[in-house]
Amino acid sequence: MKEPVSSVKPAIHSFVDRFFGDAGLGDDDDMFATGYVNSMFALQLVQFVEGEFGVTVDSDDLDLDNFRTVSAIAEFVERKQAASSVAG
């Protein structure tokens, strides 16, 4: 199911805020530069994106730039959803 674009960033924030708490992560803050991110979080983030937004994260998509910020994740999700709607 395609998630409305307007709800992508809030959903991502809701997920990452569970890990970053009161850090006040902004849309364009680099999560990986904070030092809070570990490999377990990265895996959970990929699983969240796939489950929440109904997209498949392929091995070619596992580029840090796709997951570095809330904005980057939202743009990635929107690209994947657009590609799947064209293909489907």
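This is a predicted model: local features need pLDDT of at least 70, side-chain atom pairs count only at pLDDT 80 or more; totals for chains, interfaces and linings use all residues.

How many helices and how many strands are there in the protein chain?

Modeller: Residues are numbered from 1 along each chain as its sequence is written, and side-chain values use heavy atoms, with hydrogens and water left out.

The protein chain has 4 helices and 0 strands; helices (H or I, at least four residues) and strands (E, at least two) are DSSP runs, numbered from the N terminus. Along the sequence the pattern reads α-α-α-α. The C-alpha trace spans about 40 × 25 × 20 Å along its principal axes. For 88 residues, a compact globule would have a radius of gyration near 12 Å, and the 12 Å of the protein chain agrees with this; the radius is taken over C-alpha atoms, and the globule rule is 2.2 Å times the number of residues to the power 0.38. Of the 88 residues, 36% count as buried, where buried means under 20% relative accessible area, exposed over 50%, and partly exposed in between (1.4 Å probe, protein chains only). Among contacts (heavy atoms within 4.5 Å) between residues at least 6 apart in sequence, 59% join residues at least 24 apart.

Now to the part requested. D61 is found in the loop between α2 (39-53) and α3 (64-67). D61 counts as buried because its relative accessibility is 12%. Leaving aside neighbours within four places in sequence, D61 is in contact with T56, N66, F67, F76 and K80.

One of these residues, K80, is also a salt-bridge partner of D61, with the closest N and O atoms 2.8 Å apart; a salt bridge is a side-chain nitrogen of Lys or Arg within 4 Å of a carboxyl oxygen of Asp or Glu. D61 lies in the loop between α2 and α3 and K80 in helix α4, so this pair ties together parts 19 residues apart in sequence. K80 is buried as well, because its relative accessible area is 19%.

The pair can be set beside other salt bridges, of which the count comes to 5 by this rule. D27 forms a salt bridge with K9, the closest N and O atoms being 3.4 Å apart.

Another salt bridge joins the side chains of D30 and R68, at 3.0 Å from N to O. D30 belongs to the loop between α1 and α2 and R68 to the loop between α3 and α4 (70-87), so distant parts of the chain, 38 residues apart, are linked. D30 is partly exposed at a relative accessible area of 23%, and R68 is partly exposed at 25%.

To return to the requested part: D61, buried at 12% relative accessibility, forms its salt bridge with K80, which is buried at 19%. Elsewhere, salt bridges that share partners join D30, D65 and R68 into one network.
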